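The model is a predicted one.

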Amino acid sequence: MLTNLAAPRPFMEIITAAEKIVVEDIFGGRLLQGGLVFQQNFLIRVSELGPDCKASIEALINILQESAMNHFKSAGLMAKEVGASTPEMSRRNLIWVVYRMKIVVESYPSWADMIQVETWTCASGRNGMRRDWIVRDYKTGKTLLRAFCVYLMMNKRTRKLSKFIEEVREETKSIFMEITDPTIDDNEDDRKLRELDFDTADHVQSECSSLDIREPENDKYNLGVHEGVWDGQCAGIFMCFFLQSRVYKKRRD
């Protein structure tokens, strides 16, 4: 009979300090090029898969949003309210809203794949901000996704667009690159889905009552994750085609 068996350690003690440092180093994210570029790794989870056992486009856009927020946070520019971006913007009731976003997917990652996201930002015109992303396979370095997004500043109380004020320019200059070419040519893969005909469609889904692109406080919708619209439009063709690219553009409030 065995005796003097050591009592099992609590679950939280199983991970050693060294192992914890390694995990944080892999997934914690880091600033590169003096803070101009933010790099972070993500692991694709089961809950992020679609029916094809690949990461869904919604999951990938959520990862883009997460990396953008973490870039601001790592640079010390995040206000208390998520979406306000900087303390000066928060004091003036200003937020970023999406004007245009374009995503091109070269290949969808699978469950347990580790992907590496690099993102950076620069000015866009006189009053805009552009953020670019490149997503690669962590092991092979293969490019999986490229995206860019143009943001404008809006007063969340009056819901009117605002100029890119000098105080915010001063706050963000430490992470703004010199203006660079976007990761995607604006004319690249600019195909559009044909107009929908509800009389001849095989499937129609209209449960989109909760969708409001005009709602600025919800960052998920600000980044264009319009699940209800796309589920309804693509339900009949999903089993035949993979969605390779998307373009979002806000016309007016």
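A residue is called buried here when its relative accessible area is under 20%. With that cut-off in mind, select α2, residues 57–74, where 14 of the 18 residues are buried, leaving the helix mostly covered. Now place a distance between the C-alpha atoms at the two ends of α2: they are 26 Å apart, which agrees with the 26 Å that its 18 residues should span at 1.5 Å a residue.

Stay with α2 and colour the largest nonpolar core, which has 36 residues; α2 gives the most to this core, with seven residues. Two or more residues also come from each of β3 (94–105), β4 (114–124), β5 (128–137) and β6 (143–155). Which residues touch the most other members of this core? Select W96, M101, I103, W133 and L145 to see them. Then select V37, W120, C122 and M177, which are among the five residues of another core lying apart from the largest one.

The remaining stops concern the backbone. Go to G76, which follows α2 and has a positive phi, near 75°. Is R159 exposed, partly exposed or buried? R159 counts as partly exposed because its relative accessibility is 31%.

How values were computed. Residues are numbered from 1 along each chain as its sequence is written. This is a predicted model: local features need pLDDT of at least 70, side-chain atom pairs count only at pLDDT 80 or more; totals for chains, interfaces and linings use all residues. Side-chain values use heavy atoms; hydrogens and water are left out. A nonpolar core is a set of buried Ala, Val, Leu, Ile, Met, Phe, Trp, Tyr and Cys residues joined through side-chain atoms within 4.5 Å. Buried means under 20% relative accessible area, exposed over 50%, partly exposed in between (1.4 Å probe, protein chains only). Helices (H or I, at least four residues) and strands (E, at least two) are DSSP runs, numbered from the N terminus. The expected span of a helix is 1.5 Å times one less than its number of residues.
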